[in-house]
Amino acid sequence: MNDLRNIRVERRDDGIAVVVFDKPGSSANTFDRRTLEELDAVLATLESDASCRGVVFTSAKDAIFIAGADLMELSGLDAEGIRDIGRFGQQVFGRVARLSVPTAAAIHGACLGGGFELSLACDWRVASDDKATRIGLPECQLGIIPAWGGSTRLPRLVGLPKALDAILGAKIMPAKKARRIGAVDAVVPREYVVREATRRLGSGRPQRKAHRLVNNRLAAAVIRRSAARTLRRKTGGHYPAFFRALDVVTKSVSSSLDRSLERELEALCELTATDVCRNLVRIFFLQERAKRYQVPGTPELPEGHAERRVAVVGAGVMGAGIAQWCAARGLDVILKDIGPEPLARGMKTIAELVRVLEKRRKVSQVEARQILDRIRPTDRDVPLRYVDVVVEAAIERMDIKQAIFRDLAARSGERTVLATNTSALSISEIARATDRPQAVVGIHFFNPVAKMQLVEVVRAEDTGPETLARAVRFVQQIGKLPVVVRDSPGFVVNRVLAPYLVEAGRLFAEGVEVEAIDRAMKAFGMPMGPLRLIDEVGGDVAGHVARYQAQHFPERIEIPPVLEKLVEQGLLGRKTGAGFYVYPAKGRPTPNPKARELAGASRGPALPRETLQRRMALAMVNEAARCLEERLVEAPEDIDFAMIMGTGFAPFRGGPLRYADSLGAREVVRRLEELAAAHGARFAPSELLAEMARDNRTFYEDERPGTASDAA
Amino acid sequence: MSERLVIVDGVRTPFCRMDTDLARLGAADLARIAIADLLTRTGFDPEAIDEVILGCVGQPVDAMNVARIAALRAGIPERIPAVTVHRNCASGMESITQAHEKACAGRGEVFVVGGTESMSNYPLLYRESARGKFMRLARAKTLGQRLGILLSFRPADFSPVIGLKEGLKDSACGLNMGQTAELVGREAGVGREEMDAFALRSHQRAIAARERLAEEICRVFAPPKLDRVIDRDNGPRENQSLEALARLRPVFERGTGTVTAGNASQITDGAVALLVMTESRAAREGLSPLGILTHYACAGLDPKRMGLGPVYAIDRAERLGAPPLAEADVVELNEAFAAQVLACQRALDSADFCRRELGRDAPIGAIPDEKLNVNGGAIALGHPVGASGARLVLTALRELRRRGGRRALATLCVGGGQGAALWLEAA
């Protein structure tokens, strides 16, 4: 290959060749076939060059070394293509490892997947101490395993336990952590990575520890058994990549390099053929899309546009959480409430959040102080002229919100975006109370703010295009993932979640055991059972959402009395120590007999898990289809993305609509009709589903209907 | 170029006695809180500030140039410079007059000024004797050397030098501040009973002024949990009585002494921040300021009689064009010591003193009690030295507005033998 596009080679007087990855027109380097071919060609030249005394691999990018394989290219390949590129990558990196001169990776910026596997093929690894430098093998997260030598070379380098930790944890480590486990040899300021890498080359090839104590057949068997147990508990058995990785990595320590690489390749081919992998990769793409998403038809914001000052109205749990999050992202925050007591409670919440960050070493002591410094509590009606974004998180009452927004509109600047964090009021109605309805938008965070990545950006009837564009950019700026939805009761996440939670409550009221209900949905792939979720959120909060939805969709949502009774009795869930479960100070929660008593019904006959799953999961599917039918979002992936990121909806199923496609609309409609006949009209299939069943269509164009085999 | 400076708005933290509610906050923290609140309540764009100038007497060792640290932490953009100024008790006033002088020199139009002091956090120091030993210990190479030096330490080496005590001593004349107060009180013939009565009045006025003072105070959410709201001065005592004051023992002179902890200012933590700018700029911004700085002066005198500083400063200001004292509707004269305030009142109104000391034909004039420190003074509220000067200006301007008066005078005595006086006008 004569023309190198993505790589250039700098030959230096000292005989060192510096191989610089620099994909044109991009801020990232990735390994696509072309880049691998270029690297292969470069290696061929270097092999035959007697004047070359060593090779340093590095990147010209600002924040990325090599971000891994080009997933876009990979996901377009068929089985043969996957095998082919897998083998080719292994060969090229093998060529790096076999070079007769010493090699080093000079790493600054993200060094992930294939990027790290290239580094592992080198003799030395030097990383920068910059925050941008993050090193790891996150393949399992995408439903595959490191298959360009990572699963084989990492355990050889750092020993089996640490390698498993890194690969099964899909961990992305800062440079220091990588050095601690032995995955890199030195950490230096970014300006010195190439210099330090060169210095290391001078000492030839390193003598590495053999890790004989852990890298042997016996130890591997022990480690494997305990790791498998943990994995089964954590994944519910839905994510095969972790088990394949465990298999390949533990076997690698007692196999030849070639044999182990062969296993990597087999696993890769097998895993990429699964729906699980396809769905996980899709979620990855949706996340990447959300990070850059621009609402069509909204104005392009100027380069470098960033909001700097935020005011949060309401210092409750949500307000404090939002204020803390924004401050941690470098924004100045005015925290407003009506008096010193609620402000003090809010400040206390914030201080606790920051203390936890500090304790977990997520922030330094100085950074912790900076976060707190950026928050200015006030109970005065202060001017908001220079505030860029107001996020209102006061109590959920229309008259109060309207009064607040009238006042906000009067006191803010003409460029101030006025956002509400309401989850249960019409934003269009709030906006109409102001003289600047075009500036009003919904920015709906989920609780707890620090953990939930999803934010619903809600477009009200009068929301102006610039307001919408800035709201989306603001959410992206603070590191959250936006999904744009139209103003309607419950938006998307609560709208789809409500029938599911209510259905779980009805099953309980019919006499089904609380644990049977929750276990069924955990087996389906939800991170937590629905009744446990109600307990975690708080029965009062969940009840509030459910009532609001019931008010708008009475024909589908009828709250079983037991939910109300629990709230009346103060059994609100974890925060009060009891709800559907009793929460002891120590140990596991157990079913709450009081809840069963309140439900009235005695224990009914055990229903098959499949029945339970159908009633609850299809309630979500049906509602999700309605959201699409009502055009609350642009596309089905918006709903699937929102449900996965906002509720943890079984990621391997790809979201409720993807799941419906996998069953096929006909099957979904058949099951819904069956349920409607048995349990009531709330299960009547939505029009869209019925229509799709008639035409045998799918929500997604890339799906063939009804390819899934699993139940529900 | 000469232009008047206006004070647009101001705010201060509560003033709290040393080692009480604000003790966990350093001078930088206190100033950061005051500045951040000032910016929040005014809604003024921090980008439009030209410089930050803060007074601070005891520079915190962990926040040298405390003005810069506080400014950055309060969210003032990095490119905007900050300087800490020091004229002892007049440091807070110095920040204001420097802003004016910079504006006149064409070096900016908009300033955040004020002062900060955490007297709780004044350091304890090792004595000279111990310092040498510690240095040698650090340089020791062998175990034997180290052991030898360790053995040379004596218990006295570990009794610290109290930074606060040293700070309150004037090394030029060898007297501490209390002793200078005893001197001016003695010479002016001010008795103990008078001082105690003055002190009592300060407390009574401060208590009665709670609501008025609340207007100038911002809330502090106290660490570590930020769940405790501090929003009032804790110096004023509701149940203060003459009897209780009379029982206190003189601190600085045994036997003949008159200055007690009760009739001297309290040692206190606190900070003040003011937004000031040129008159024309305020007009352009469409702001309605609290007041205008019209005249000011600093003057020097015998360090042993520093308590009379206001007399000299008021005289000098008048010579520089300030109105006669009688025109002041409100006077804030810092209560470093009751003895010194009462001595000032006498000296100002004494034809003899004014002729002898200032070469005036007539006395400067009297300050009637109903104009003097009407909301209490440092004896009740406390005297965070670097902040007090700015506090006097803020309190005077708010009182002026309340009374609908025209002119206010803020003045104080300065350790080392100086006085400062600022004339203000309602805007």
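Predicted model: local features only at pLDDT ≥ 70, side-chain atom pairs only at ≥ 80, totals over all residues.
Trainee: At what angle do α1 and α3 of chain A pack?

Mentor: Helix α1(A), residues 33–47, and helix α3(A), residues 79–98, pack at about 30°, and their axes are 10 Å apart. Angles under 35 degrees count as roughly parallel, so α1(A) is roughly parallel to α3(A).

Trainee: Which residues of α1(A) and α3(A) meet?

Mentor: From α1(A) they are A:R33, A:L36, A:L39, A:D40 and A:L43. They meet A:I85, A:F88, A:G89, A:V92, A:R95 and A:V96 of α3(A). By class, that contact has seven nonpolar, one polar and three charged residues.

Trainee: And α6 with α9 in chain A, what angle and axis distance there?

Mentor: About 25°, with the axes of α6(A) (160–168) and α9(A) (217–235) 11 Å apart. The pair is therefore roughly parallel.

Trainee: Left-handed or right-handed crossing for α6(A) and α9(A)?

Mentor: Right-handed. The crossing of α1(A) and α3(A) is left-handed.

Trainee: What meets what between α6(A) and α9(A)?

Mentor: A:L160, A:P161, A:L164 and A:L168 of α6(A) meet A:A219, A:A220, A:I223, A:A227 and A:L231 of α9(A). The contact has nine nonpolar residues, with no polar and no charged ones.

Trainee: Switching topic, how many residues do chains A and B put into their contact?

Mentor: Chain A gives 19 residues and chain B gives 17. On the chain A side, β12 (332–336), α14 (340–359) and β13 (375–378) each supply at least two. The largest share, six residues, comes from α14(A).

Trainee: How does the chain A side divide by class?

Mentor: Ten nonpolar, one polar and eight charged residues.

Note on methods. Residues numbered from 1 in each chain as written. Chains lettered and ligands numbered in written order. Axes fitted to C-alpha atoms, helices over the stretch in contact; angles between N-to-C directions. Helix = DSSP H or I, 4+ residues; strand = E, 2+ residues; numbered from the N terminus. Parallel < 35°, antiparallel > 145°, perpendicular 65-115°, else oblique. Left-handed = near helix turned anticlockwise from the far one by under 90°. Contact = placed C-beta atoms within 7 Å. Nonpolar A, V, L, I, M, F, W, Y, C, P; charged D, E, K, R; others polar.
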